[in-house]
Amino acid sequence: MCGIVGISGIESAASQAYLSLYALQHRGQEAAGIVAFDGTKTRSHKGRGLVSEVFDAEALARLRGDTAVGHVRYSTAGGQDISNAQPLTARFSRGDLALAHNGNLTNHLDLRNRLVEEGAIFRSSADSETLVHLIAKSRHDTVDTQVDDAMSHLEGAFSIIMSVDSAIYAARDPRGFRPLVLGRKGSGYVVASETCALDILGAEYVRDLEPGEVIRILHGEVTNLRSLKPTDRPAPCIFELVYFARPDSSIWDASVDRARREFGRQLAREHPVEADAVMAVPDSANSAALGFAEESGIPFELGLLRNHYVGRTFIKPLQEDRDFGARMKYNPVKEVIDGKRVVIVDDSLVRGTTSRSLVRMLRGVGAKEVHFRIGSPPVRWPCFYGIDMPTRAELIGSSLEIPEIEAELGVDTLGYLSLEGMVDAVAQGGPYCTACFSGEYPAPLIDVEKGLASPEGPRRC
Ligand code: 5GP
Ligand code: MG
């Protein structure tokens, strides 16, 4: 997954982008980058690591100008290479281009093969680079129509922010898989993945970009370019509401916190249990656990503490404890758990590895009963639209039935939110993409169909 931001017409745009990226850090911790344009020159700074590690005051001061594009990256295979760090930059016939992309194209290998046959030379393995080539090659006679033309070839998930000199372009794919919001600050504009990136700048939320919408922001004016071809129905990703977006953000016109609380309430209705305390696996499940507590009347307790300082650079010393990974991140509060029947709520169950360790930790401090509740249905299918799910074989929900998962996790009972319950809880924003839960893929998986990509799922942003 990734987080993206674009700043137009605001002084020290790079510093503004930096703050926004800070707020979007949860969407990607592997690399960060900002490209700024000052009217004559484009400057770029990218690196591996957290936003705070990649940038210092000197780097930001060098990135002059009132136009900037920023990106935080989260990826695995094919992604560690710094050449894949974004924004991607290129100089083409009409100016300097910087591109930040969130999502995953489902036809990029097909497009890439064709471009390579026609002589294109790719600098990275990122799917986003395909768009750069398509724009540069487009025979249309203005940047606006070149961008429009290039985007019409893309299939899959893309929220894109791009600058060509001082023009910022922003687009959402026709199904609107990934979020993108527009904000205003003074006479300038901000586009970003989530509203939390506007809040930190004191920018005012204007609206969400519509699925298929392409806009250009230039000299304080927002212009709608032709919309991308409409589809049968939009399909924003429901996993953004389950896990990915921040609860203080509002995406697709809805509060993420409210959605998660409703998931928790519905979960309590579907899987009631007699217990002494409800607790969350912090922080991603806090809102869902509060919803569960509100609906069930069981008190919410802070039974698990999370260490927020476990960073990438942590050195793993030789250790024998099989739960060490989870123990580094979470620690139970014995006084809250000892002798109690506890309900522990998580937002999703993916591999089951963290959960198994947590259950052992709770038993270790005297939990009398452990009831696991999950604020979403079993994750059974890989995501081809930008969420970094493990492959099918690693998904605990794809191979095991509920009683087997209960045994595997060592819980007294396990309850997942139903697919209908989840979708109904946020019906006003739907219909959604539920592919990771249902196996129904709204956008064609062209590279998979053509045998160019594995049906087990991609592993990049
Ligand atoms: P598990 O117990 O399946 O190993 O891990 C479940 C936890 O992973 C949940 O707390 C959930 O918040 C978190 N999670 C869900 N999706 C993702 C993801 O895409 N990336 C990361 N880092 N964590 C995730
Ligand atoms: Mg979590």
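## Polar contact between the domains

In this predicted model, one residue pair is in polar contact across the interface of domain 1 and domain 2, both residues being at pLDDT 80 or more; a polar contact is a pair of N or O atoms within 3.5 Å, where within protein one must be able to donate a hydrogen and the other to accept it, and residues adjacent in sequence count only if both atoms are side-chain atoms. The side of domain 1 that touches domain 2 has three nonpolar, five polar and one charged residue, with Gly counted as polar and Asp, Glu, Lys and Arg as charged. Zero salt bridges are found across this interface (side-chain nitrogen of Lys or Arg within 4 Å of a carboxyl oxygen of Asp or Glu).

## Domain arrangement

Domain 1 spans 2-235 and domain 2 spans 257-309 + 319-430, with bounds from an automatic or database domain assignment. Nine residues from domain 1 and six residues from domain 2 make the contact (heavy atoms within 4.5 Å), while the C-alpha centres lie 34 Å apart.

## Ligand 1

Among the 15 residues around ligand 1, those that come nearest are Asp-346, Asp-347, Val-350, Gly-352 and Ser-355 (near means a heavy atom within 4 Å). Oxygen atoms of ligand 1 lie 2.6 Å from a polar side-chain atom of Asp-347, 2.5 Å from a polar side-chain atom of Ser-355 and 2.8 Å from a backbone N or O atom of Arg-351.

## Conventions

Residues are numbered from 1 along each chain as its sequence is written, and chains are lettered from A and ligands numbered from 1 in the order in which they are written. Local features need pLDDT of at least 70, side-chain atom pairs count only at pLDDT 80 or more, totals for chains, interfaces and linings use all residues, and side-chain values use heavy atoms, with hydrogens and water left out.
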